[in-house]
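Notebook open, structure loaded. I'm jotting things down as I look them up.

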Amino acid sequence: MKLDALQKDRVAGVLVATAAGDALGAGYEFTYPRPDMAIDMIGGGLGPFAPGEWTDDTSMALAIAEVSASGRPIGHGEGLDAVAAQFVRWYDTHPKDIGNQTRAVLSARPTSAAAMRRHALELPGRKAGNGSLMRTAPVGIAYLHDAGACVAAAGDISALTHNDPQAIEACRLWSYAIRHAVLHGNFDGARLYLDGASDEVADFWGGLLDEAEKADTARVFDKNGWVVHALQVAWWAITHTDASGPGHLVDALEAAVRAGGDTDTTAAIAGGLLGARWGASAVPERWQQMLHGWPGYRAADLTDLASKTAARAGQGM
Ligand SMILES: [Mg+2]
């Protein structure tokens with residue numbers, strides 16, 4: 001697929017702004033910043049992480065992007081098996097932070113996508129954590145040529161560790177919105193996705209987006225380890241900040257962090273869509289200089305990986 005210069009910037013933005021949101025929120029995880037506190041890439045948090053270092057959210061997104069950049073279709077067959085294998089490879093590096101649900105699945109070191117999905121389904125208790133939504137951004141650029149394949153892959157990759165209807169649907173909606181933002185430069189994709197969904201899905205998720213747009217504060221979505229509140233915090237931050245120019249990206253990422261709770265993840269989720277809309281060029285140069293993380297990458301590597309992911313999209317289908 002031929003992309004213009006703005007679209008190429010937005011492709012890069014998907015990974016660079018995911019990482020920027022993640023690294024920005026990392027130092028505030030499970031805290032509630034006061035209104036007068038400056039928000040910056042301070043590091044710390046659960047790692048503890050170095051300033052500018054991204055966490056599991058971005059690392060797992062990169063695990064997906066690596067497979068897609070190699071030209072394999074990540075949504076099924078050998079490509080989906082390769083994504084599962086990349087998750088285990090990352091797990092074996094003993095990451096500084098990992099979500100409970102993801103750890104429970106990956107600690108069994110399943111050797112195929114089917115085995116991983118089965119393991120995720122058999123987990124007891126609540127299974128709609130935010131751990132698959134936080135890493136879904138690259139799926140939006142892996143299928144720029146095919147919206148249906150993007151949606152299907154987003155659901156199937158979620159199910160590897162988060163085999164739950166809410167987690168799967170959130171990943172479908174957000175990946176579709178990211179794909180749309182890269183192609184068209186707006187945030188309309190979230191609602192457009194629902195236009196084409198079943199009545200049940202459209203009513204449920206449309207109501208959640210409405211609720212986020214109308215809320216005075218994101219603190220009402222305080223269970224944001226849950227995929228639904230995590231998506232609502234991200235949407236709240238995007239829709240409650242000035243969206244008239246590229247400064248929106250920084251303002252909305254800060255707003256997501258200020259919402260508190262699982263701050264690296266809500267800002268990473270928001271970052272995927274904000275970067276898809278405003279491009280890597282909207283991520284401050286100072287942040288780009290600071291960004292780094294598994295597997296030994298910096299911002300320029302994310303740009304390169306995103307560009308390869310988009311360039312290979314459609315091959316091997
Ligand atoms: Mg994290």
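Before anything else, my burial scale: buried means under 20% relative accessible area, exposed over 50%, and partly exposed in between, with a 1.4 Å probe and protein chains only. This is a predicted model, so I keep in mind that local features need pLDDT of at least 70, that side-chain atom pairs count only at pLDDT 80 or more, and that totals for chains, interfaces and linings use all residues. Residues are numbered from 1 along each chain as its sequence is written, and side-chain values use heavy atoms, with hydrogens and water left out.

**Metal site.** I went to the magnesium ion and found it coordinated by Thr55 (OG1), Asp56 (OD), Asp57 (OD) and Asp264 (OD), at 2.0 to 2.3 Å. Donors here are N, O and S atoms within 2.8 Å of the metal (3.2 Å for Na, K and Ca); water is not among the atoms, so the site may look incomplete. Along the chain the donors follow the spacing T-D-D-x206-D.

**Helix pair.** Next I looked at how H2 (residues 56-69) sits against H15 (residues 299-312): the angle is about 45° and the axes are 8 Å apart. That makes H2 oblique to H15, given that under 35 degrees is roughly parallel, over 145 roughly antiparallel, 65 to 115 roughly perpendicular and the rest oblique. Axes are lines fitted to C-alpha atoms, for helices over the stretch in contact, and angles run from 0 to 180 degrees between N-to-C directions. Helices (H or I, at least four residues) and strands (E, at least two) are DSSP runs, numbered from the N terminus.

Which residues in H2 meet H15? I noted Leu62, Ala65, Glu66, Ser68 and Ala69, against Leu302, Leu305, Lys308, Thr309 and Arg312. Contact means heavy atoms within 4.5 Å.

**Valine 151.** I found valine 151 in helix H7 (residues 147-161). Valine 151 is buried, with a relative accessible area of 16%. Leaving out neighbours within four places in sequence, valine 151 contacts Arg172, Tyr176 and Tyr193.

**Glutamine 101.** Last stop was helix H4 (residues 100-106), where glutamine 101 lies. Is glutamine 101 buried or exposed? Buried, I noted, because its relative accessible area is 12%. Not counting residues up to four places away in sequence, glutamine 101 touches several residues, among them Leu123, Arg126 and His162.
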